[in-house]
Structures are given as structure tokens and as C-alpha cells.
Amino acid sequence: MSWFETVPMQWTLLGGASGVGALLYAAHHAVQRGELERDQKGRAQLADLESMGEAVPVSLHPEIDSSRCIGSGACVRACPEHDVLQVVGGVARLVNPLACIGHGACAAACGVEAIRLVFGTATRGVELPRIDENFETTSPGVFIVGELAGMGLIRNAVRQGGQAGAHVAKSCRKPKGDALDAVVVGAGPAGISAGLALHQAGKRFVLLDREVFGGTILHYPRAKVVMAGDLDLPGYGRVKKGRMSKEELIALWQDIREKTQLPVKTGALVTALAREADGMWRVESSTGSVRAAHVILALGRRGSPRKLEIPGEELAKVSYRVIEPEEHAGRHVMVVGGGNSAVETALILADYGGCASVSISYRRERFARARAENLTRIDAAIESGRIRGLLGSELLSIEPERVILRDRNGREQSEVNDTLVVQAGGTDPGALLASFGIELSTKFADV
């Protein structure tokens with residue numbers, strides 16, 4: 001083959017190499033653009049967060065040592081909530097702390113040990129009960145497990161409940177007179193697990209819940225993924241499930257209740273806890289009182305719904321949750337709030353499709369307290385017109401057929417309304433615990 005005959009091949013090889021180079025160059029710049037966009041998004045989230053004042057999660061959350069962080073983004077990718085952490089300026093930052101549920105996957109993914117899980121921040125603390133390694137408080141015989149103890153994950157709550165129940169079953173504190181071995185307050189994941197441990201040990205106990213068996217999971221959107229990982233349930237066995245939806249978890253709770261016949265009393269709002277002369281605990285609730293040698297508090301942190309404290313809030317059209325969207329068929333419904341509960345409620349109503357209209361009013365210009373998946377869905381629903389987003393608005397008064405609010409420009413406006421769903425958070429449960437005589441401690445960036 002002559003030199004002239006090899007020239008086309010050489011040019012082909014050079015052309016191929018230059019083509020690969022061009023592709024690599026384009027890919028490199030695409031990565032750079034993506035990183036720049038994420039950085040800009042993170043900066044915007046931090047700016048919005050700073051305008052809110054210091055936002056403190058109520059559960060475990062990551063604290064990042066910027067001197068150790070190398071900005072690899074492994075923690076961002078590991079976070080199951082997807083939008084809690086962002087790499088900003090080459091360092092991981094906590095940009096949406098109120099969406100953090102204390103999963104801990106970020107700390108496990110960090111290869112340089114730049115993340116530790118803490119309660120509170122250096123300047124703002126979180127009030128949590130003082131508990132020992134068995135979740136017993138400073139009041140002998142009273143235990144606190146689950147979300148109220150600072151653990152937001154279902155599997156952690158299940159683990160704590162089972163451990164506390166097993167400890168109570170072996171306790172040397174014995175019931176006297178008409179007292180039970182234990183009263184479990186709260187029939188969510190932690191309470192159910194505690195009840196299973198007591199049931200397995202043959203103890204006399206009762207589960208009390210102000211709502212229904214299963215806890216707040218019943219208020220979540222349909223088909224919502226609520227947990228990942230296995231559950232070890234005392235006396236029931238290990239539930240191996242990679243991901244579990246709301247419906248699957250509800251089915252699990254129902255199966256547990258049918259197979260074990262746990263003693264449950266629903267509609268029982270606990271109002272007082274007092275120690276009697278013989279050392280037993282008396283639990284007062286809206287359905288009566290019961291005595292026990294032990295009390296396991298497996299409550300959430302929602303407390304009582306926070307009120308808006310505006311004229312007309314006493315009207316029957318005002319509610320604080322949506323159980324089934326069908327009950328609002330043909331009605332103009334407005335949701336008030338900007339957190340996960342409010343956003344999810346608005347989406348449930350919009351997905352149902354039977355309401356005359358669905359709107360959401362929030363005092364801020366953007367939803368800063370919702371998880372990434374919810375933010376994406378609510379933004380899309382507002383853009384498509386399925387939900388009317390009244391951002392930057394403030395509700396002023398409630399009337400039988402309308403509501404009055406102030407818009408982002410300071411103007412008052414009237415909105416047709418048949419149902420108002422207020423989801424502005426709940427009262428701090430610290431006051432309730434203090435009334436029970438349980439000692440609290442304030443955690444400032446403490447493990």
C-alpha cells in the first residue's frame with residue numbers, strides 16, 4: 001500500500017480522534033453546566049433559608065465540617081429525600097433542614113468523615129426528653145420512643161418501641177391493685193412495636209391513640225413511599241421490603257392487629273399523667289383513666305394543630321386534615337400552609353379531581369419546608385393550573401362562603417371557599433411532657 005493510499009485512513013483516524021475529543025469536550029462542559037446549575041440552586045435555597053431565620057429540624061440531621069468536606073457530592077446522592085443537601089461553592093451544605101428525617105445515609109456515604117448527625121444547632125437547641133439507653137425518662141417507669149425522642153424514621157421508631165417494650169417486660173416494677181403492666185400511648189410504628197413486645201411476653205397492657213391504629217401514616221398521600229428497609233417486629237417476624245408504600249404499610253398494621261389482637265383503644269386523647277401514692281402511674285384520657293406500672297409514650301411531635309387565630313376559624317368549614325378527598329367533591333377547597341403536610345394535602349385533592357377548585361395559600365414566596373419530590377409535584381400542579389398557588393399571601397379572615405387574604409403586593413382579595421384545611425404545624429409537645437413531670441434537655445448540635 002502506497003503512502004497516498006494510507007492518507008485517507010490517517011485522516012479517518014484523526015477525524016475519529018477529533019470526534020471523540022469533541023464528545024469528551026461536550027460531556028465535560030455538560031457536567032460543568034450541571035454543577036453550575038446545582039450550585040446556583042443551592043445558593044438560592046440558602047438565601048431563602050437565611051431569610052427564614054435559623055431553621056432547626058426536630059430530628060437528627062447532618063452537621064458538616066467544611067474543613068474536611070471535599071465536595072464530592074456523595075452525601076447529596078445518598079440522601080433519600082434528594083433535596084436536603086447541596087454542594088455549594090465546593091462544600092456540602094444543609095439547604096433544606098426541615099425536610100431532613102434523620103436517615104443518616106449522608107454520614108455513611110461521606111468518605112472523609114465530614115458529617116456527623118446531631119440534634120439542634122450551635123445557636124438554637126431542640127428540646128428533647130432525657131432518656132437512658134432503654135429510653136426510660138427521669139420519671140421511673142415512664143419511657144419515650146419514636147419521633148418524640150428525636151427519631152423520625154419508621155424503622156428506628158419500630159426498633160426503639162420493641163426495645164422499650166422488652167425492657168418493660170423484664171422490669172422489676174410490678175403492677176399493684178387494678179394496675180396493668182403498661183399503658184402505651186400512641187398506636188403508630190413505635191407504639192405498635194412496643195405493644196408487640198409486651199404481647200409476646202404475656203403482659204397486661206393497653207394501646208391508647210387519639211386517632212386510629214397505625215398513626216399519622218393514614219394521612220399520607222396514596223401510593224406514597226413511606227419507608228425503605230426491613231422491619232423487625234417482636235413476635236411477628238422480620239418484614240423484608242425494599243420500599244413500602246402507604247397502602248402496604250397500612251395492610252401490614254392491619255395484618256398485625258388481626259393476628260395478634262392487640263388491645264387497642266382509639267379516640268383516646270391523653271390529657272394527664274400522674275404518679276400515685278403506691279408508685280403506679282395514672283393515665284387520664286378523653287375516654288377515662290387507667291393505672292399501670294409503666295407508661296410508654298410513643299407520641300409524634302405534631303401535638304395539637306396550630307390555629308391561625310383569625311376571625312371565623314371557629315366555622316364548621318375549617319378542618320385541620322383531610323382523611324378522604326371524596327368528602328370534598330364539588331367544593332372549593334383551600335389549603336393553608338407550606339410544609340410537607342400542606343403540600344401533600346393539596347396534591348391529594350388535586351389528584352382526586354372531584355373538587356370544584358383547589359388552592360394553597362402560603363405566606364412565603366416559595367415552599368421552603370417541603371421535600372424535593374413534593375416541591376417538584378406542587379410546582380408542576382401550579383404551573384398546569386390544577387392547583388392555584390397563592391404564594392406570598394396571608395389569610396386575614398374566614399367567612400361562610402369565602403376567605404379574605406392579603407396578597408404578595410399587600411392588597412386584600414376575596415376567594416370563593418367552601419372548605420379551609422389549615423396545616424400550619426402543631427404545638428410543641430415539650431409543654432405536654434413538662435406537665436407530665438418529664439425532664440427535658442436542650443440539645444445544641446449534640447449527638
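Trainee: Which strands form the open sheet, and in what order?
Mentor: Three strands do, in the order E21-E22-E23, with antiparallel pairing. Strands here are DSSP runs of at least two residues, numbered from the N terminus. Two strands pair if DSSP finds at least two bridges between them. This is a predicted model, where local features need pLDDT of at least 70, side-chain atom pairs count only at pLDDT 80 or more, and totals for chains, interfaces and linings use all residues.

Trainee: Which strands stand at the edges?
Mentor: Strand E21 (394–399) and strand E23 (412–416). Each has a single partner strand, so one side of each is left without a neighbour in the sheet.

Trainee: How many bridges join E21 and E22?
Mentor: Five, in the antiparallel sense, with E22 covering residues 402–406. Glu394 stands opposite Arg406 in E22. Residues are numbered from 1 along each chain as its sequence is written, and side-chain values use heavy atoms, leaving out hydrogens and water.

Trainee: New topic. What should helix H4 span?
Mentor: Its 16 residues, 154–169, should span 22 Å at 1.5 Å a residue. The expected span is 1.5 Å times one less than the number of residues. The end C-alpha atoms of H4 are 22 Å apart, which agrees. A helix is a DSSP run (H or I) of at least four residues.

Trainee: Which residues of H4 are buried?
Mentor: Among them are Ile154, Val158, Gly161 and Val168. Buried means under 20% relative accessible area (1.4 Å probe, protein chains only).

Trainee: And what share of the protein chain counts as buried?
Mentor: 48% of its 447 residues. The chain has nine helices and 25 strands.

Conventions. Buried means under 20% relative accessible area, exposed over 50%, partly exposed in between (1.4 Å probe, protein chains only).
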